[in-house]
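Try each task before reading its solution.

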Amino acid sequence: MRIRGTPIVEQDQAVKVMVEARYQEMKEKAKASVEKATAVSLTSDMWTSINTEAYLAVTCHFVDESSTLNTVVLGVQYFPNAHTAENIAQVKGSLMAEWAITDKVTCLVTDGAANMGACARELRLKHAICIAHTLNLVVKKALDQTPELSDIRAKSRKIVGYFRSSTTAKERLSVVQEQLRKPQLKLIQEVETRWNNTYNMLQRLFEQREPVGAALASLTTDIPPMSSEEFGIISECLVVLAPFNDATTELSQEKRVSGSKVIPLLTMLDHCLNEQMEKSPSIGSSLAQKLRMLLREKLDKIQTMSIMFLATLLLCCYYVVIILYYIIIILLLCCYYVMSIMFLVTLLDPRFRKLGFLSPVRASEAEKILKAECASVMRASTTSSSSAPPPQPSTSQSVEAVSHGNNLWRRLDESVRQTQTQNVTADANIEDPLKYWERQKYVYPHLYKLALTYLCTPASSVPLFSKAGEILSKKRNRLRPATVEKLLFLNKNQ
C-alpha cells in the first residue's frame, strides 16, 4: 500500500526501517522469554528458495513460567556454504551462544540426513529424528513400489491438471457439482515432495467421482474417466493411508506437546497395518504389508543409529577389535530402543505412560531410563524445591478412553479401558500434560523438573518453512536474504 504524495523510493526505505525496528523489538522480547526457560529443545531444517538459495532455520521450544509450550524462531540464516556437518554446526553453535542457551539444550530434532546427525554429534547434543520426515519417506517409497497405484496416480494427475488448467472444464465441474448437490470443491494436484498431497488428491477425486465423471463425459477431451475398479482400488488405499495422514497432522502441531505421541502413534500405526494385512488379499492389503515392513526397517535404523556410530568408532582400533566386538554385541542387545529420547517424553505424559509402547519389554526399559534420570536430578538437588505446602494429589480412579477425533487411537482406547479393572496407569481425562505437572510439582518435584526438560521436545521439524514459500514467492523473488530472515522471524514470533 503506497502513501499518497510520497516517492516510491522513500516509501520503500520507510518500510525497511519499520521492519528493522519491529524485528529488533520482537527479538529482544523473545530473548527475554527464552532466558527464563530452564530447558529447551531445538528443531532445525534446511530449505531452498525459488531463487535456489539455501536457508538454515533453527527453532527453539520450551515451557514458560505459566506451564505453556512456546516456540521461538532463533534464526533463518542464508546458507551459501557447503552443507557439511561442520558448517551447519558452526551456524547453530553461534545461534545457541547468541541466545544464551548452549547449556540448556536437551535435544535437537532434524531429518535423518547424515550431515544433520553428524552436526548433533559435533555440538554434543542428543539427536532425535523428525518423525514427519520418516513417515513421508516410508509412504512415498511404499506408493512407488505399488505399480497398480502408480498408474492410477498418473491418470489422476492428468484429470486434476485438466480441470485446474481449463476454464471451461472448471466451470462445467462447478455446474455439475451444483446439479448433483455436491460440495463445490476444487480438485487437488499431487506434489511429489509431500506424500499427503497424494492422499489429498486421491481423497478429493474419490469424493467428487460422480461430478468429475459426468463433467468429463460432457466435455470434448481425450482424457478417459476413472473406472469403477480403479475407484475401488483408490478406496482400499485411502483406508490404509488415512492413519498415516492423521499421524502426520497430529505430530506436526506446534502449540501442543507432540513428542510424547510419537511412540503411541507408531504403535497404533503398526496395529492398523496389521489389521489391514489380515484382510483378504488385495492391493490395499499389499500396500499395508509394504508400509509395515518399510516402517519397521526405518525405525530400527533410527533407533540403532547411535549405537552403530559408536560401533564404527570402536572398530577402527585394529588391535582390540575382538574385545570390542563383544562389547558392541552386548551394547546392541542391552540398549536397543534405549537411545530414543521419545521414551522419556512418552513416560512423562500422564495420558500414555506405559500404555503407549509396542511391548512391555520396551516400556520397562524406558522406565529404567526415567528412574536413572530422576536419580540424577535428585542428586543434583542441594536444597528443597519449595517450602510451600503441597496440594493434595488427585484421587480419581476412573479412566476414560483417549479420544482425538480419529480411529488411529482406537486400539489405545481399548487398552485404557482394560485398566479400569486393573491398576490405573494413565489418565485420559488430561487435556494438557503440562498443566497436570504444574498441579503436581510439589507432589513430584523431581519428575516435574524432568517434565519441563523433556516435554518440550517436538515430534517434527517441518512446520516453519510452510510459510517461507509464501513470503519468498515468484512475485517477491528479489527479497534479500537478510529481509527474508526478518520477515520469517516476525511471521513466526508474533
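## Exercise 1: Arg-209

At 33% relative accessibility, Arg-209 falls in the partly exposed class. Keep in mind throughout that this is a predicted model.

**Task.** Find which helix holds Arg-209, and work out how far Arg-209 is from Pro-225 in space, C-alpha to C-alpha.

**Solution.** 
1. Arg-209 lies in helix α8, which covers residues 209-217.
2. Along the sequence, Arg-209 and Pro-225 are 16 residues apart.
3. In space, their C-alpha atoms are 9.2 Å apart.

## Exercise 2: Asp-270

**Task.** Is Asp-270 buried or exposed, and with which residue does Asp-270 form a salt bridge?

**Solution.** 
1. The relative accessible area of Asp-270 is 7%. Buried means under 20%, so Asp-270 is buried.
2. Asp-270 forms a salt bridge with Arg-292, their closest N and O atoms being 3.2 Å apart.
3. Asp-270 belongs to helix α10 (residues 262-277) and Arg-292 to helix α11 (residues 283-303), so the bridge links parts 22 residues apart in sequence.

## Exercise 3: the wider set of bridges

**Task.** How many salt bridges does the structure hold, and which residues are linked with Asp-144 in a network?

**Solution.** 
1. The structure holds 13 salt bridges.
2. Asp-144 is linked in a salt-bridge network with Arg-153, Arg-157 and Glu-190.
3. For another pair, look at Glu-438 and Lys-441, whose side chains meet in a salt bridge at 3.2 Å, N to O.
4. Glu-438 counts as partly exposed at 26%, and Lys-441 does too at 21%.

## Exercise 4: helix α15

**Task.** Compare the span of α15 with the expected one, then name what covers its buried residues.

**Solution.** 
1. Helix α15 (residues 360-380) has 21 residues and reaches 30 Å from first C-alpha to last, close to the expected 30 Å.
2. Its buried residues include Ala-366, Ile-369, Leu-370 and Val-377.
3. Among the elements covering the buried residues of α15 are α14 (342-348) and α18 (445-454).

Key:
Residues numbered from 1 in each chain as written. Predicted model: local features only at pLDDT ≥ 70, side-chain atom pairs only at ≥ 80, totals over all residues. Heavy atoms only, no water. Helix = DSSP H or I, 4+ residues; strand = E, 2+ residues; numbered from the N terminus. Expected span 1.5 Å × (residues − 1). Buried < 20%, exposed > 50% of the residue type's maximum accessible area, 1.4 Å probe, protein only. Contact = heavy atoms within 4.5 Å. Salt bridge = Lys/Arg side-chain N within 4 Å of Asp/Glu carboxyl O.
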